Amino acid sequence: MNEACPCGSGRAYTTCCEPIIRGTVQAATAEALMRARYSAYVNEEIDFIVSSCVSDEGIDPEATRKWSRESKWKGLRIVRTEKGGPKDSEGIVEFVADYELDGYKETHRETARFKKQEIGRAHV
């Protein structure tokens, strides 16, 4: 099935964010990782969300799973990027994620910092 990727790239999920989430390819840019993280929230792929965060960030997997499951994800907008290209070791992605929770329209706006780790995978 060539279902559209939830990240809004216009590409099929199977060729856009799914390979990053499954670990078959690495995100080439900070924006690609951000898009994959959004798609992971939409598809309740919490292990990917946890694994792509800096370990001392204190993410609560169960709370994250609950938020992912109970939200109706409405879209991702990339506001700006700074560095974060294939050759950069760090990058910034400012984004807005729209969702509904308990019948209310919500917006999550964040400026996320990404850093490539030794294994070559960028982390937020």
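Rings of Phe, Tyr and Trp, the last by its six-membered ring, count as an aromatic pair if their centres lie within 6.5 Å. That cut-off is used in the exercises on rings below. The model is predicted.

**Exercise 1. The overall build**

Task: Find how many helices and strands the protein has, and in which pattern they follow one another.

Solution. 
- Step 1. Count the elements. There are four helices and four strands.
- Step 2. Read along the sequence. The pattern is α-α-α-α-β-β-β-β.
- Step 3. Check how compact the fold is. The radius of gyration is 14 Å, close to the 14 Å that the globule rule gives for 124 residues, so the protein is as compact as a globular protein of that length.
- Step 4. Take the extents. Along its principal axes, the C-alpha trace spans about 40 × 35 × 25 Å.
- Step 5. Look at cover and surface. Buried residues make up 38% of the 124 residues. The accessible surface comes to about 7,400 Å², and 46% of it belongs to carbon and sulfur atoms.
- Step 6. Look at contacts across the sequence. Take those between residues at least 6 apart; 44% of them join residues at least 24 apart.

**Exercise 2. The aromatic cluster**

Task: Find which residues form one aromatic cluster, and work out the geometry of the pairs that Trp73 makes with Tyr38 and Tyr41.

Solution. 
- Step 1. Search the whole structure for aromatic pairs.
- Step 2. Take Tyr38 and Trp73. Their ring centres are 5.9 Å apart and their planes stand at 90°, so this pair is edge-to-face. The cut-off for that class is over 60 degrees.
- Step 3. Tyr38 lies in helix 2 (residues 30-42) and Trp73 in strand 1 (residues 72-83), so the pair ties together parts that are 35 residues apart in sequence.
- Step 4. Buried means under 20% relative accessible area. Tyr38 has 3% relative accessibility, so it counts as buried. Trp73, with a relative accessible area of 15%, is buried.
- Step 5. Take Tyr41 and Trp73. This aromatic pair is tilted, with 5.6 Å from centre to centre and 45° between the planes.
- Step 6. Tyr41 is in helix 2 and Trp73 in strand 1, 32 residues apart, and the pair links distant parts of the chain. Both Tyr41 and Trp73 are buried.
- Step 7. Gather the members. Tyr38, Tyr41, Trp67, Trp73 and Tyr99 form one aromatic cluster.

**Exercise 3. The surroundings of Glu94**

Task: Decide whether Glu94 is buried or exposed, and find which side chain it joins in a polar contact.

Solution. 
- Step 1. Locate the residue. Glu94 lies in strand 2.
- Step 2. Apply the cut-off. Glu94 has 13% relative accessibility, so it counts as buried.
- Step 3. Find the polar partner. The side chains of Glu94 and Arg109 are joined by a polar contact of 2.9 Å.
- Step 4. List what Glu94 touches, leaving out residues up to four places away in sequence. Its contacts are Arg77, Ile78, Val79, Arg80, Arg109, Glu110 and Thr111.
- Step 5. Turn to Val79, which lies in strand 1. Val79 and Glu94 are 15 residues apart in sequence, but 5.3 Å apart in space, C-alpha to C-alpha.
- Step 6. Read the contacts of Val79 with the same exclusion. Val79 touches Glu94, Phe95, Val96 and Arg109.
- Step 7. Check the cover of Val79. At 40% relative accessibility, Val79 counts as partly exposed.

Conventions: Residues are numbered from 1 along each chain as its sequence is written. This is a predicted model: local features need pLDDT of at least 70, side-chain atom pairs count only at pLDDT 80 or more; totals for chains, interfaces and linings use all residues. Side-chain values use heavy atoms; hydrogens and water are left out. Helices (H or I, at least four residues) and strands (E, at least two) are DSSP runs, numbered from the N terminus. Buried means under 20% relative accessible area, exposed over 50%, partly exposed in between (1.4 Å probe, protein chains only). A polar contact is a pair of N or O atoms within 3.5 Å; within protein, one must be able to donate a hydrogen and the other to accept it, and residues adjacent in sequence count only if both atoms are side-chain atoms. Contact means heavy atoms within 4.5 Å. Rings of Phe, Tyr and Trp (its six-membered ring) pair if their centres lie within 6.5 Å; planes under 30 degrees apart count as stacked, over 60 as edge-to-face and the rest as tilted. The radius of gyration is taken over C-alpha atoms; the globule rule is 2.2 Å times the number of residues to the power 0.38. Accessible areas come from the Shrake-Rupley method with a 1.4 Å probe; for residues, only the protein chains shown count as cover.
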